[in-house]
Amino acid sequence: MKAVIALGANIGDPKAQMDLAVAMLREATDVISVSEYFSTKPVSDIEQPDYLNAVCIVESELPAMDLLSLLHGIEKALGRQRLEIWGPRTIDLDLIQYGSLLSSADELKLPHPRAHERRFVLEPWISIDPEAILLTHGKISELLVQLP
């Protein structure tokens with residue numbers, strides 16, 4: 001199944017953390033493509049450094065919940081602590097889309113419910129998949145035009 005994963009980091013050594021996260025994904029999935037790393041401003045009002053963001057497209061045979069658990073395991077291995085929403089982090093891995101799966105379960109919302117409004121997800125994604133479509137909102141190219 002084709003999965004779209006967003007990566008972000010802004011404390012410690014963000015590039016090294018993201019490189020390591022991608023390497024760990026390569027061990028567990030078939031990584032098809034990884035975008036360049038984009039420097040972005042934080043979304044929240046919390047004082048923190050800028051982020052590095054990227055998107056990775058993988059093929060995986062894992063069920064969606066197992067892939068999500070894998071992502072959480074990589075975060076934990078790389079020192080992720082969930083201290084505050086939208087706060088600084090050593091690594092953040094979000095499952096954005098998983099094939100054509102739609103889920104509104106509390107533990108797994110697919111596609112990611114805020115992906116359509118996040119330039120730091122859409123720009124890296126379109127850079128590696130120009131024809132990308134977010135299942136619930138349409139073409140990524142059209143979504144980007146609508147963002148401020």
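Student: Leaving aside neighbours within four places in sequence, which residues is Asp92 in contact with?
Tutor: The model is a predicted one, and in it Asp92 lies in strand S5, which spans residues 92-98. Once neighbours within four places in sequence are set aside, the residues in contact with Asp92 are Ala6, Leu7, Gly8, Glu75 and Arg80.

Student: Does Asp92 count as buried or exposed?
Tutor: The cut-off for buried is under 20% relative accessible area. Asp92 has 14% relative accessibility, so it counts as buried.

Student: Glu75 is in contact with Asp92. Which residues of helix H2 are buried?
Tutor: H2 runs over residues 64-77 and has 14 residues. Its C-alpha atoms reach 20 Å from first to last, close to the 20 Å expected at 1.5 Å a residue. The buried residues in H2 are Ala64, Leu67, Leu68, Leu71, Ile74 and Glu75.

Student: Within what arc do the buried residues of H2 fall, seen down its axis?
Tutor: An α-helix has 3.6 residues a turn, so residues three or four places apart point the same way. In H2, the buried residues include Leu67, Leu71 and Ile74. The buried residues of H2 line one face of the helix, because seen down its axis they fall within an arc of 115°.

Student: Which residues are exposed on the other side of H2?
Tutor: Elements that cover the buried residues of H2 include strand S1 (2-9), helix H1 (14-28), S5 and strand S7 (108-110). On the other side of H2, the exposed residues are Lys76 and Ala77.

Student: Which residue with positive phi follows H2?
Tutor: H2 covers residues 64-77. After H2 comes a residue with a positive phi, near 85°, and that residue is Gly79.

Student: Which element gives the most to the largest nonpolar core?
Tutor: This core has 25 residues, and Leu7, Leu93 and Leu95 touch the most other members. At least two core residues come from each of S1, H1, strand S4 (51-59), H2, S5 and S7. The element that gives the most, with 5 residues, is H2.

Student: Which residues is Leu93 in contact with, leaving aside neighbours within four places in sequence?
Tutor: Leu93 is one of the residues that touch the most other members of the largest nonpolar core. Leaving aside neighbours within four places in sequence, Leu93 is in contact with Ile5, Ala6, Leu7, Ala21, Leu71, Ile74 and Glu75.

Student: How many residues are in the second, separate core?
Tutor: Members of this second core include Ala6, Trp125, Leu143 and Leu144. Trp125 is also among the buried residues of helix H3 (residues 119-128). The number of residues in the second core is 16.

Student: Which residues have a backbone atom within reach of a polar side-chain atom of Asn10?
Tutor: Asn10 sits in the loop between S1 and H1, and its relative accessible area is 3%, so it is buried. A polar atom of its side chain lies 2.9 Å from the backbone oxygen of Pro49. A polar atom of the Asn10 side chain also lies 2.8 Å from the backbone nitrogen of Arg89. The two residues are Pro49 and Arg89.

Student: What is the radius of gyration of the protein chain?
Tutor: The chain has 4 helices and 9 strands. The globule rule gives 15 Å for 148 residues, and the chain comes close to this, so it is as compact as a globular protein of that length. The radius of gyration is 14 Å.

Notes:
Residues are numbered from 1 along each chain as its sequence is written. This is a predicted model: local features need pLDDT of at least 70, side-chain atom pairs count only at pLDDT 80 or more; totals for chains, interfaces and linings use all residues. Side-chain values use heavy atoms; hydrogens and water are left out. Buried means under 20% relative accessible area, exposed over 50%, partly exposed in between (1.4 Å probe, protein chains only). Contact means heavy atoms within 4.5 Å. The expected span of a helix is 1.5 Å times one less than its number of residues. The arc is that of the directions from the helix axis to the C-beta atoms. A nonpolar core is a set of buried Ala, Val, Leu, Ile, Met, Phe, Trp, Tyr and Cys residues joined through side-chain atoms within 4.5 Å. The radius of gyration is taken over C-alpha atoms; the globule rule is 2.2 Å times the number of residues to the power 0.38. A polar contact is a pair of N or O atoms within 3.5 Å; within protein, one must be able to donate a hydrogen and the other to accept it, and residues adjacent in sequence count only if both atoms are side-chain atoms.
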